[in-house]
Amino acid sequence: MSDIKIKDNAEQMINSTSDLHHADPHQGAEHHGAPKGYKRWLFSTNHKDIGSLYLWFSLTMFFIGGAMAMIIRAELFQPGLQLVEPNFFNQMTTSHGLIMVFGAVMPAFVGLANWMLPLMIGAPDMALPRMNNWSFWILPFAFSLLLLSLFTEGGGPNFGWTFYPPLSTKYSPDSTAMFVFSVHLMGISSIMGAINVIVTILNMRAPGMTMMKMPMFVWTWLITAFLLIAVMPVLAGAVTMILTDKYFGTSFFDAAGGGDPVLFQHIFWFFGHPEVYIMILPSFGIISAIIPTFARKQLFGYHSMVYATASIAILSFTVWAHHMFTVGLPLAAELFFMYCTMLISVPTGVKIFNWVSTLWRGSITFEVPMLFSLAFIVLFTIGGFSGLMLAITPADFQYHDTYFVVAHFHYVLVTGAVFSIMAAAYYWLPKWTGYMFNERLGKWHFWCSLISVNILFFPMHFLGLAGMPRRIPDYALQFADINKIVSIGGFMFGLSQLLFVAVVIMAVRGGQKAPAKPWEGAEGLEWTVPSPAPYHTFDTPPEVK
Amino acid sequence: MTAPKIKKHLRLLIFSAVGMFGFGFALVPLYDVFCDITGLNGKDYSRESSVPMTTVDESRTVKVEFVTYLNKQLPWQFKPEINSIELHPGERYQVSFMAVNQSDQDTFGRAVPSISPGYGAQYLVKTECFCFQEQMLAANEEATMPLIFYIDPNIPADISTLTLAYTLFKNEPNADLAMNQKK
């Protein structure tokens, strides 16, 4: 049956392209394949349209999750309880985490994959366009469900994004079922997205595009997609067990019924650790595309980059218990997970050194995408080092559940994943919109973000080392000064992101026309098509030498 | 494009995703099996084993401490008759725990044992324990609950103290049956 569907799609694609001439989608929508109005978006099977949908969705979620962070930082601006109830504060920390991970970072990467993978490998579209449509349109429902749960009686999820039982079973609000089903929907969406990416990369490459000629972004996404298929179903299983424990009287995690709450942590982090690499591997691909462009040199050590990515992915399955050093693991397990965790810094180090070697003696210019990429390398490495500190089991007994951990994962996720997404947006914006963005405003955005993000997250290290626990609405008086600085940094960072929206909207509406290849040193098939990329590209596959 | 290959890959990947969903649930029994084989986790695996002891190692003593916790929902009092005892490995000992139901309703309870340090758990062998069964106390009833155990003489020399902690949970009358079937 699916065979027929695929043929149908292929026929549709051929029909729609042979009937109509290639044209610019902005004026072209009327004369051309793209249907008008809401139907263009609701029924779209075009990888570029779906990519744009993903990216706009992710930007929206970034601001919703960001607004929650602003509430958190406002409450923590001074000691004592000022603005919100502790229960609402807990809902904010939980929803902020869930929305940023599943609503902002992951859809942004899927959006970039949708837009760029077919252009990078010379394919006319994704391999499974209808599934592509479906996997996007599940997301608004998933997040509506999650956000609506905040307005139910008793409130939304308040047990932290890691939803450890019994907080998420015995002591959770009545809306927990809504949380569980929204996570199910997010999981289904990511799995379908990942299947699409793998099938596309394995089957739709242009003739001559061998695996080892694929751009790094394609490689990192291929490996990420395999990770997604391996772990998202495990997350779905974990939330299902929470659901049946809470509502149907099972005892997977309930000691009174013969279960074990620590088992939950094992299952969750078996998903959770590969998940954090899902959120960083595509970043590595983006940085590996941008650094060579603006250093005007080939990427140093392409093969080692591919192997390092694969090693990180494989090792990610052997380190999960470093999140649970303090649950009372036996010594042997603590040592095993400590050494495996430290081992991951080797392939990661290979990548950092390769980027630095690419920069070495390059003719470097500092356009906005390059600025974000350079900041990524430095700040992600800081996050990596604090990760190494946390990996040391005895030290982790002090750092566990403190702001040091918060500082660590915000360095790798905000100045890592989010900065790379910003870099990617600036890098490919001319290709998407056909116009150059406002370079001046982009640079303002970069410098404001860079300064404020460090005011925001760097002092958190000190708070953590001094013993301030995470996920609390109030704190001891000695933490007051640093929290004030952190909150000011937070508000600055939040406001700076409005500049990004301004740059993007201005670039969509007009500006200086962008050539097919707006960056002098750029390489790759995506720069061989005009800017903006026509609605249909590579109907006849390009030749790759 | 290569439609049959796409179809094949699609089927394989959907199959893997469904398989990994199953694997998530398989982790539940695998976790117990893994802890059972390696003796990790401080779980009490001596349950219901009653191998008779012959030798008593008089050369050393091990201190056994008794700790009790009550789950909030259970309106009982629950205490050991002594807080700790020094024993020779191999020596059989009986200790009683007193339980009082302080409510006006019949209540069911179940004691879940935990032994620390975890790697010492397998050397504390219970031959009779109230924790093997569900306990029922009528309204305001008092009961003495016996525990008979010995310490395996193979216990490593570096363990000088074992702490046996019982947490008493409220049980629904039929939950025990369901649990036994699950095991």
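Read from one end of the sequence to the other, chain B runs α-β-β-β-β-β-β-β-β-β-α. That comes to two helices and nine strands, where helices (H or I, at least four residues) and strands (E, at least two) are DSSP runs numbered from the N terminus. Bear in mind that this is a predicted model, in which local features need pLDDT of at least 70, side-chain atom pairs count only at pLDDT 80 or more, and totals for chains, interfaces and linings use all residues. Residues are numbered from 1 along each chain as its sequence is written, chains are lettered from A and ligands numbered from 1 in the order in which they are written, and side-chain values use heavy atoms, with hydrogens and water left out.

Staying with chain B, it splits into domain 1 (1-38) and domain 2 (62-182), with bounds that come from an automatic or database domain assignment. The C-alpha centres of these two domains of chain B sit 40 Å apart. Of the chain's 183 residues, 40% count as buried; buried means under 20% relative accessible area, exposed over 50%, and partly exposed in between, using a 1.4 Å probe and protein chains only. Take the contacts in chain B (heavy atoms within 4.5 Å) between residues at least 6 apart in sequence, and 75% of them join residues at least 24 apart.

Now for the sheet. Five strands of chain B make an open, mixed sheet in the order 3-1-9-5-7, with two strands counted as paired if DSSP finds at least two bridges between them. Strand 3 (84-87) and strand 7 (135-137) of chain B are at the edges with a single partner strand each, so one side of each has no neighbour in the sheet. On average, neighbouring strands here are turned by 30° against each other, direction ignored.

Strand 1 (residues 62-70) of chain B runs antiparallel to strand 3 of chain B, and four bridges join them; within strand 3, S84(B) is the residue opposite E65(B). In a regular strand the side chains alternate between the two faces of the sheet.

Over in chain A, look at a pair of helices. The axes of helix 5 (residues 86-121) and helix 15 (residues 403-433) of chain A come within 11 Å and cross at roughly 35°; axes are lines fitted to C-alpha atoms, for helices over the stretch in contact, and angles run from 0 to 180 degrees between N-to-C directions. Among the residues that meet here are F109(A) and W115(A) in helix 5 of chain A, and A417(A) and W428(A) in helix 15 of chain A.

Two chain A residues are worth a look. S135(A) lies in helix 6 (residues 129-149) of chain A and counts as buried because its relative accessibility is 1%. Leaving aside neighbours within four places in sequence, S135(A) is in contact with Y54(A), S189(A), M192(A) and G193(A). Then there's Q265(A), in helix 9 (residues 261-278) of chain A, buried at a relative accessible area of 13%. Not counting residues up to four places away in sequence, Q265(A) touches Y164(A), M324(A) and V327(A).
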